[in-house]
Amino acid sequence: TATTTNPIDIQRASLITIFEQHRSHDVIRLGFQSLNDKQMLMESRFCLVVRGKTTPYSKTLIRAIKTGCLPVIVSDLLPKVAPMFKSTLNIHDFSIVIDEKDFVSATESSLHGLKFIAEDQLQSKIHALRFAQRVVLYDHPESLFVPAFLREAELAIVVRATPGPE
């Protein structure tokens, strides 16, 4: 029997292959080289976050947030369909989102462009990332995970209880 390959798997594999070709990028170190090397992530200013194999979500996003490295999200769907704590956090405040097609067609310029982000803009994103750590990480010393989670649950209940248009 012939097996068909999921187009999402092909696209994700091509994103990873493209990044692997540019992993020795001398301008910017991305915390994607070794996901098991926490020190590498902590020393990286940016961490590449490629969408998951079957979902727009990626564990790499949590790793980036946890280690305090700015997520560079290469996923068209993640910010739209899988934002974390969407009533509390705006993913664009603490990350950089690159369109998948732009990344695939111009990887080098996409990565190189990170070097030219204004320092005040980076500091603003780092400040927002510190807040995101408190919201997303339940084990953060000043965690806001439980109140943020309860807020999301309350809003979901309200949305469910609200009658739709007739």
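Which residues in H3 are buried? This question opens the exercises below, which concern a predicted model.

**Exercise 1. Determine which residues of H3 are buried, and describe how the helix ends.**

Step 1. The criterion for a buried residue is a relative accessible area under 20%.

Step 2. In H3, the buried residues are Thr-60, Leu-61, Ala-64, Ile-65 and Thr-67.

Step 3. Gly-68 follows H3 and has a positive phi, near 80°. Gly-68 belongs to the loop between H3 and S2.

Step 4. Gly-68 is partly exposed, since its relative accessible area is 36%.

Step 5. With neighbours within four places in sequence left aside, Gly-68 is in contact with Leu-129 and Gln-133. The C-alpha atoms of Gly-68 and Gln-133 are separated by 7.8 Å, although the two residues are 65 residues apart along the chain.

**Exercise 2. Describe the order of the secondary-structure elements and the overall burial of the chain.**

Step 1. The chain contains eight helices and three strands.

Step 2. Read from the N terminus, the elements follow the order α-α-β-α-β-α-β-α-α-α-α.

Step 3. The chain has 166 residues, of which 36% count as buried.

Step 4. The accessible surface amounts to about 10100 Å², and 56% of this surface belongs to carbon and sulfur atoms.

Step 5. Among contacts in the chain with a separation of 6 or more, 60% come from residues 24 or more positions apart.

**Exercise 3. Characterise helix H7 by its span and its buried residues.**

Step 1. H7 covers residues 119–136, which is 18 residues.

Step 2. The distance from the first C-alpha of H7 to the last is 25 Å, close to the 26 Å expected at 1.5 Å a residue.

Step 3. The buried residues of H7 are Leu-122, Lys-125, Ile-126, Ala-128, Leu-129, Ala-132, Gln-133, Val-135 and Val-136.

Step 4. An α-helix has 3.6 residues a turn, so residues three or four places apart point the same way.

Step 5. The packing partners of the buried residues of H7 are S1, H3, S2, strand S3 (96–98) and H8.

**Exercise 4. Locate the disulfide and state which parts of the chain it links.**

Step 1. A pair of cysteine sulfur atoms within 2.5 Å is taken as a disulfide. By this rule the count is one disulfide.

Step 2. The disulfide is formed by Cys-47 and Cys-69, with their sulfur atoms 1.6 Å apart.

Step 3. This pair links distant parts of the chain, 22 residues apart: Cys-47 is in strand S1 (residues 46–50), and Cys-69 is in the loop between helix H3 (59–67) and strand S2 (70–74).

Step 4. Cys-47 and Cys-69 are both buried.

**Exercise 5. Identify the salt bridges and the parts of the chain they join.**

Step 1. Side chains of opposite charge can pair when their charged atoms come close. The structure holds three salt bridges.

Step 2. One of them joins Glu-119 and Arg-45, whose closest N and O atoms are 3.3 Å apart. Because Glu-119 lies in helix H7 and Arg-45 in the loop between helix H2 (38–43) and S1, the pair ties together parts that are 74 residues apart in sequence. Glu-119 counts as partly exposed at 42% relative accessibility, and Arg-45 counts as partly exposed at 36%.

Step 3. Asp-139 and Lys-66 form another salt bridge, with the closest N and O atoms 3.0 Å apart. Asp-139 lies in the loop between H7 and H8 and Lys-66 in helix H3, so this pair ties together parts that are 73 residues apart in sequence. Asp-139 is partly exposed at 45% relative accessibility, and Lys-66 is partly exposed at 42%.

Step 4. Glu-142 and Arg-134 also meet in a salt bridge, at 3.8 Å from N to O. Arg-134 counts as partly exposed, its relative accessibility being 26%.

Definitions and conventions. Residues are numbered from 1 along each chain as its sequence is written. This is a predicted model: local features need pLDDT of at least 70, side-chain atom pairs count only at pLDDT 80 or more; totals for chains, interfaces and linings use all residues. Side-chain values use heavy atoms; hydrogens and water are left out. Helices (H or I, at least four residues) and strands (E, at least two) are DSSP runs, numbered from the N terminus. Buried means under 20% relative accessible area, exposed over 50%, partly exposed in between (1.4 Å probe, protein chains only). The expected span of a helix is 1.5 Å times one less than its number of residues. Contact means heavy atoms within 4.5 Å. Accessible areas come from the Shrake-Rupley method with a 1.4 Å probe; for residues, only the protein chains shown count as cover. A salt bridge is a side-chain nitrogen of Lys or Arg within 4 Å of a carboxyl oxygen of Asp or Glu.
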